[in-house]
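Let's walk through this one together, a helix and a few rings at a time. Have the viewer open and follow along.

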Amino acid sequence: MSELTTVNNNQVAVQGDAGQVMASKILELAADPNFDVDKLERLIGLQTKETERQASLSFSTAFAAMQSEIPTIAKAKSGNGSNYATLEDVVEITRPILNKHGFSLSFDTNTVLEKADDKSTNDYKGYVEIVAILLHREGHKEKTSLLVPFDYSGSKKNNPAQAMGSSVSYGKRYTLCALLNIATRDDNDASAAWQHKKITAAQARGLTAKQAKLSDADKDSFSKWLLSDFSIDDVADIPQSAYNYIDGQLTAKLNAAKELETA
């Protein structure tokens, strides 16, 4: 978190912890006209490296916590003789987990065209490069890329735009799974494993903390709901498959209570 410090009667914002100390020192030295400029530049370079190191450490810590919550995803769709998890399924399952741990995901795409082997024609081979970028709120990012040929299979043979779109979807799905180290299984096996996997201790603590903020009547109602709809009498026994829904219901109850108090 940034804090204010005073240098030569001016208030400036500097980063907390080690970054705060170093930034404050640099500002003091910069105000001295006799200080060596080369030394100042080296200090700024050191501060930049320290900031990057802290951002990388925050990324690694958050990534480890995030990965423990990402489930095995079912290969719910069939195509070209194989089963696979769709991009929509992967995004829907991972997005709330990414957001919770301060991550955002984006993609860059670059189209590459090459002249066909038969030089007597005007045909081109098409490729699309997909770059998946995972950015953490502290500023550090990681990325991975994949070069995918246009998918001219089936009805896409005479439709280059559709062929490219199919390849983009394919590339996003594979780079996303690679970047987040997501495992997929055949639909039945994955669904069974996911249904029986319980929430993590951290998730249970979060739900318990929210439950504690409810009124006595809402606490009782929430407990009865868990028992009747999920056959659960302990928050720690909630399956991962139901976590996002139950967490959303608790959040909605808390928000409704706040609105009622405001009114």
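Buried here means under 20% relative accessible area, exposed means over 50%, and partly exposed is in between (1.4 Å probe, protein chains only). Keep in mind that this is a predicted model, where local features need pLDDT of at least 70, side-chain atom pairs count only at pLDDT 80 or more, and totals for chains, interfaces and linings use all residues. Residues are numbered from 1 along each chain as its sequence is written, and side-chain values use heavy atoms, with hydrogens and water left out.

Start with helix H6, residues 201–212. Helices are DSSP runs of H or I with at least four residues, numbered from the N terminus. Gln203, Ala204, Leu207 and Gln211 are the buried residues of H6. Seen down the helix axis, they fall within an arc of 100° (taken from the directions from the axis to the C-beta atoms), so they line one face of H6. Turned away from that buried side, you'll find the exposed Ala201, Arg205 and Ala212.

Now for the rings. Phe, Tyr and Trp (its six-membered ring) pair if their centres lie within 6.5 Å; planes under 30 degrees apart are stacked, over 60 edge-to-face, and the rest tilted. That rule gives 5 aromatic pairs. One of them, Phe59 with Phe63, is stacked, at 5.9 Å centre to centre and 10° between the planes. These two sit 4 residues apart in helix H2 (residues 37–67), so about one helical turn separates them. Phe59 counts as buried because its relative accessibility is 6%. Phe59 and Phe63 also form one aromatic cluster with Phe103.

Notes: Expected span 1.5 Å × (residues − 1).
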